[in-house]
Each structure stands twice: as structure tokens, then as C-alpha cells.
Amino acid sequence: MKFVDVALPLPLERQYTYRVPSSESRVDVGHGVVVPFGKRTLTGIVTDVTHEAPDFEAKDIIGTVDEKALLTAEQLQLTKWISEYYLCSWGEAARASLPPGVDTVSEYRIQKCPFEDTGPLSDIQKQLLSFIPTDSTVSLTGLRKTVPEASLDRLRGLESRGFLRIERGLRAPRTRIRYDQFVRLADGAPEHPLRGVRQQAVMEAMMESDASSGILQSRLLQKTGATSSTIRRLADLGLLAVEKREIDRSARNGSSGKPTSRIELNEHQKVAVDAITTAIHASGYRTFLLHGITGSGKTEVYIESLKKVRECGKSGIILVPEISLTPQTVQRFRSRFGNEIAVLHSRMGSGERFDAWRRIRSGQYPIVIGPRSAILAPVSNLGLIVVDEEHESSYKQFDPAPRYHARDVAVMRAQLSHAICVLGSATPSLESLANAENQKYTLLSMPERVETNTGKAVLPDVRIVDLRTERNPDEPNSVISKPLREAIRLRLTKNQQVILLQNRRGYAPSIRCHACNWAPECPDCSVSMTYHKVKGHLRCHYCGRTAGLPRSCPDCGAAVSQLGIGTQRVEEELEATFPDAVVVRMDLDTTSAKDSHHKILEDFANGKSDILLGTQMVAKGLDFERVTLVGVIDADTGLSLPDIRAEERSFHLLTQVAGRAGRADLPGEVFFQTRNPGHRIIQFALRHDYERFARELLDERRALGYPPEGKLVAVLFSGPVEHQVMAFARRWSQIATELDPEIHLLGPSASYIGKVRKLYRVQVMIKRGRGDPHKRVREVIRRTNVQIGTPPKGYRIAVDVDPVGLL
């Protein structure tokens, strides 16, 4: 008899043992299996196989997800490490490695019955019944999306009165292989007279087609006006062959990329490529920190290194911090590697991601490009991992678990695979810089920009506009200063392009009454709502709740003012000031649709727009030859947040966006609009002085014992009642201190954003020195959670190892 240990996608530390029936004897480590779990049915991953029976009666697995293993041995090893380091379950880490929709789970299905009960119904009961069909069923999950109050208890009450029927069954995987019908000319087709115009049209279309492998049947029918019966008749006559083939829905993702000739590397690039190539040929693990200023040609180093890896028959993963960077990156890599590349990111449809994942697993795509989740792709024979813009906080996952950092997972995966990891940035994170200084990483420097047709490109000149003195008295509400406005006008007359950064979306981040200081706060979150002029409403950027903009203060009746600057307000002023210019806005509101990032950037690259305005997504990695001016509307945004990384993030953002200007033959210029021109971060960015910035902040972190000198673990408590959340956090802290009196706890204290989505938040920070083993903290957290027990209903504990934000 065969038994398997299964990791389930639940926050449970242990694995569960199941018996394998003879019909599923091929089940092995890494396979996905459908298993019963209490009253539910879940999909888990087999982590071990044994023929030794447990000392209890094990339940049978119900079935398998796929004939092949869902996770390779290397992925199992990696997800095991993720679960141990980031303090989540192995099943949660394994689930993150799979495409969405492949799991089979149990669910409640509800159907309305003909009823005779004429008793009273509450408003919620009437609402529930109005959304439940009589001729089909609806899932409980789907019903809750329409009626959030649709609890199982309420539905059971209606079932007991005969209004409903509730059944529990298995929901099939939402994502499956897609097949389409293809038509081709049959081999050795006999001569046969054709009857009818449609048969003749089909055969003429097939004869004219160059597609020897066949034509998609739906396209053929659309072209000829024929029907599927016409195709069947011609197939019966032996003239056509009809085949069902699997479709790759992922193939249309990313730009195609025209083939390009090899670019001649400069001396700094050659040194970097040679060092990486030597490590590749040594067939061992090594991590490089590639510190190259903006425009120094880091991407060419990535490409040349990947070419060496492919020559050795190995594969590679290229990580980018933003989905917006994916199309441009894919285009450059596809111009060198053709159709070897798969794209993975969350904006793809579930079918597209499923198809890409299957073909990566099969080896059809040996190169994967995408944001953080791509680090978990089922790539085999891995030779190289590149983490571009490694300093970016977007590489950190927060919800749901596992709360991993893709950069650190990349380093560990390279180590497990005996591969090379390259971390690239113009402004390396302090953690990576410290690892290079401690010789954990090898530092490679590229201090000069690449040559252009007119000589060596240089970093742009940066100018500071002091908003305290530069305000135009004739236009007191203008958000664009006179020097920046004139610089924009000059570029437009020269047919050059402009990038403007304002790292706040919406129109006015704050609405306030000057008489009584009233502000529209979100009732579900402890933040004020932002005015979005395009939709004409207020919106909470944490939960999405919307409300109308009041004409006057609801408390005192006085007028309300729109304060602060959002991207919509900047866009409005640009269109009024430069009516002949084409302005495009790139923020979360304009990029929610599929492929919207690609369309905006492609139009800008092709000269269809003159000014690209956006949030931080316009600051990273973009390369446009005609961009000669960059303007930062408010360089002070985020500079004073109560977070140890606030200054570091601001420096990264300002330096990165400044690097978008003057990357080709035309010189660049940058304007920082600020009310704090003497702030050290503004001054460091003004001088492109990364070395002094890093030295000052590293010295401060070491003195205070903060990362990278020490380590932090954030424990976040949340729940619907404020004082109970705080009491719960205090009780947890007390137990942790009793278990380990030497553990260094900060808090509990209310989070900076004290309430999100109706849940109050309290935070405890665990601070450990460089010499304290992570295992000790992990054990304290585990034992504390065991002793405190399951949180009350509606309350939650979330553990975030190495948090990148403390708000």
C-alpha cells in the first residue's frame, strides 16, 4: 500500500497523510492531488511518498490534477525554504508557484425552490432570494460578491423554510487546456466535383493559403461565409483534414521584437560580462551586484550573460519590478532570443498564464520574463537569474502569504540550482550593498553611460525649483512652476519629449473645510478620500469605496477646498497650458485595462504623444531617445513618512526618474520642484551622489541596529473592534516575552494606517541583531501562536519577515 504526505494551501504547519488507491498508483512527489479535508475538498502537493502505513486510518486521495508533477524537486526545495524563512505553511508557498485556477475545491451551490411559506422575510432575505436563480445554481462565493451579507447561516435559515436547496460539490479547475479546430488540405486528396458556392469558396481559400500546417477553422468560416457542416462534408469527401490542436493563449503576450545586430560593449560592460561568463563556465553558484548608473547599459550585460547561459544549454529568469516595464524588456530580449521567451504577470488572463506555465514546465520556453511571481516559474536546468532594479520595494509580496521578497528568493534559488544571480541597479538597496561589502556578493561597477552617435552620453543636469519663492503671484494655484513650464515649451518647439512625475494619483489628495477643518474620511479606513475629477467622485485608495463630492461642508455648511496635487490635476493644467501637445497619463486609473501599459508606452515611443505624465511607474527602466526633459512636480512626496526607508525610497525614485533624460544623442535636463531644497536627499539626488547617500544612511542604520545591520519581523494584528485588537496584540507580546525574555519587541502600537477595510490594525516589531539566528525568532513566533491559540472569528495575525514598509 502507498501513502503520501500532502501540503495543503492552508496556514497549517504540518502535512497530512493520505492513502493512494491502486487507480492512482503513479502519484509521486511533486504531483498535485485532490484530497478530502474535513468537510472540504482541497488540492495539495505531494511532498513525500512511503509504503509504511500510519498509526491511523488514512483517507484516500480523490484524484490527481495532472499526469505530470506540478512542482519539480528544485521547486519543492525552494518552497520549503520559503515556508521556513517567511514563516508560512509549505502548502501556501507551493500554491504561489502554481498558475491560478488549476485547483479543485469543494463549494456550496444554492438554488431557489418553489415555496409556499408566506411568513415574513427581512430585507436581506428578500435581497438574497432575488439574486438566486430557480433554473440553475449559484456558488456561495459568487453570491457573496453580489450580496456581501450572504452568510451560510442566513442561507440555512431560508433552506429550513423550503426557500432554498444547498448542496456541496466539487468545483472543477477554472483553467483548462484550450483546443481549437484547424483545417488543412488532405494528403493525396482525390479529384471530386464540388457542389455549392460555399464548398468552392472554402477550397479556393485553402488553395490560396500559404499555411501548410492548416488554418483555424473559425477564421476560415468567417472568411468564406461557410458553416461547420460545409467543412465536415469536404472532410468526408477526403478533400480536407480537420484536426483538434492545443492553443497557446500566452503566445500573444509581449512585443515581438525585431532582430537586431549585436551591440559593441564598452570597457565597463566587457569587464562585467567577462566576470559573469567566468562564473557561468565554473558551473557553480555566485551572486553579482551590478551597480551601473542610469543609461550605463546594464540590459546589454544581462543579454550577453543570458546568451552565454543559452550556449551552455541552460535557461534563465529575468525579473522586472513593474508590469509596465515588461513590454519594453520583452521587446529587447525577443530581438535577440526570438520565441524562446515566455511572459508571466498578473495582468494576463488565467488561461494565458496556465498555457505559459505548462510550456515553461515542458522546456518550450527556456527564458521567463516578468515581475516578482516569475521567480517561482517551473524553469528547469536554471543557469541565470537577473533581478533588474533590485532595490524596488515592489519585489516584496505582502498579501496573501507567502510574504516573500523576490530578490532574496532569487538569490536562494540560484544557490539551490548552482546558478548565477545578477542583481542590477543604479541605486542598489542598502541590504545588497552591505552584502557586497561583506563579500557575499561580487560588486561590478559601471560608472559611465554608454556611447551614442555623438559621443559618450552624460548624466543630465539637475535643477532645483524652490516652490517657496518661485510661485507666480498671477497664478497662485498653478502646480507647474515658471522655469519648468518654459523648459517644457522649449522641448515641444524642438519636437522633443517630456516625462513628468507626480507620485499621487487622482485630482486632489485632500478635501478640507477651512472653517471647521472637516475632511472626508473613508468610513472603512483611517485615511482621507481622494477627489477624482474624471469620475467626479471621492475614492479611498485603500478599499476602493467611493462617495460624492459635497458642494459644502456637511458639518458647518462652509465651502470646501481641494488641496494637494494628483496626476489628474497636473494633466488638466498641462492640457490648458500646452493645448497643441498630446499628454498621456500613466497611473493606476489609466492602466487597469489589459495591455494598457503597453499601448501607452508604445504610443509614446512612436512619437504619438509628447508628454508622459505618471506616478512612479514612469520612473523605472524606461528608455526613450527623444526624452530630454524630466520634471518632478513634488519632490517632497513621501520624504517625511514615519518609516526607516522613507528617505531611501525617495532617493531611489528621484535618481531613477532623473535617469530617463538624455539617454541618447540629445542632452538631458531635470527639474525637482520642492519646498525643502536643502534636504540631504534632494541634495544627494541633485549631485547624483549615491556613494555619500549610501554611506550616511548605512552609518545611521548600523548605529540604530536597523536593516541591513539588523533584521526586522513585523507581526500585524487586525480585527473589527479596536480595543480588542490591541488587547490581543498585548497578550501575544506578553507570551512571546515570557517564552524568550531576551527577544527585542517594539510595541504593540497602532499602525500608521490604523484601519483598513473595517479592520483595525496593531503592529509589533521584532528586532534582532546580525548575530541572532532567524531560527530563534521563528521558534518564538511559532510557540507563541500555538500557546495563544486560534484567533477569535474575524481576527487575524500576519507575520511579515523583512518588511519593506512599516506603515
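The sulfur of Cys522 sits 3.6 Å from the closest cysteine sulfur, that of Cys543, which is too far for a bond, since a disulfide is taken as a pair of cysteine sulfur atoms within 2.5 Å. Cys522 counts as buried because its relative accessibility is 2%; here buried means under 20% relative accessible area, exposed over 50%, and partly exposed in between, with a 1.4 Å probe and protein chains only. Searching the whole structure gives zero disulfides. Cys421 is likewise in no disulfide, and its nearest cysteine sulfur, in Cys312, is 17 Å away. Cys421 counts as buried because its relative accessibility is 0%.

Before walking on, a word on what you are looking at: this is a predicted model, in which local features need pLDDT of at least 70 and side-chain atom pairs count only at pLDDT 80 or more, while totals for chains, interfaces and linings use all residues. Residues are numbered from 1 along each chain as its sequence is written, and side-chain values use heavy atoms, with hydrogens and water left out.

Cys421 leads us to Val411, which touches Cys421 along with Tyr285, Thr287, Leu423 and Tyr441, leaving out residues up to four places away in sequence; contact means heavy atoms within 4.5 Å. Val411 belongs to helix H13, residues 406-417. Helices (H or I, at least four residues) and strands (E, at least two) are DSSP runs, numbered from the N terminus. Val411 counts as buried because its relative accessibility is 10%. Between Val411 and Gln75 there are 336 residues in sequence but 14 Å in space, C-alpha to C-alpha.

In the loop between strand E16 (382-388) and H13 you will find Pro400, and Pro402 has its place in that loop between E16 and H13 too. Asp399 and Pro400 are joined by a cis peptide bond with omega of about -5°. The bond from Ala401 to Pro402 is also cis, with omega near 10°.

Asn435 is buried, with a relative accessible area of 18%. Setting aside neighbours within four places in sequence, Asn435 is in contact with Lys440 and Tyr441. How does this helix pack? Two packed helices are described by the angle between their axes and the distance between the axes. H14 (residues 430-437) packs with helix H20 (residues 690-704) at an angle of about 90°, with the axes 11 Å apart. That makes H14 roughly perpendicular to H20. Axes are lines fitted to C-alpha atoms, for helices over the stretch in contact, and angles run from 0 to 180 degrees between N-to-C directions. Angles under 35 degrees count as roughly parallel, over 145 as roughly antiparallel, 65 to 115 as roughly perpendicular and the rest as oblique. From H14, Leu430, Leu433 and Glu437 meet a set of H20 residues, among them Tyr690, Leu697 and Arg701.

Now to the strands, where two strands pair if DSSP finds at least two bridges between them. Strand E22 (residues 497-501) is largely enclosed by the rest of the structure, because five of its five residues are buried. Gln497, Ile499 and Leu501 point one way from E22, and Val498 and Leu500 point the other way. E22 runs parallel to strand E30 (residues 627-632), with five bridges joining them, and Gln497 has Val627 as its bridge partner in E30. With strand E29 (residues 611-614), E22 pairs in the parallel sense over four bridges, and here Ile499 has Leu612 as its bridge partner.

Elsewhere, three strands make an open antiparallel sheet in the order E10-E9-E11. Strands E10 (215-216) and E11 (240-246) stand at the edges with a single partner strand each, so one side of each has no neighbour in the sheet. Strand E9 (residues 179-185) is joined to E11 by seven bridges, and Phe182 has Glu243 as its bridge partner in E11. Helix H6 (residues 197-208) lies across E9, E10 and E11, running at about 85° to E9.

Our last stops are two loops. Leu87, in the loop between helix H1 (73-85) and helix H2 (90-96), has a positive phi of about 55° although it is not a glycine. Arg757 also has a positive phi of about 55° without being a glycine. Arg757 lies in the loop between strand E33 (744-756) and strand E34 (759-768), and counts as exposed because its relative accessibility is 52%.
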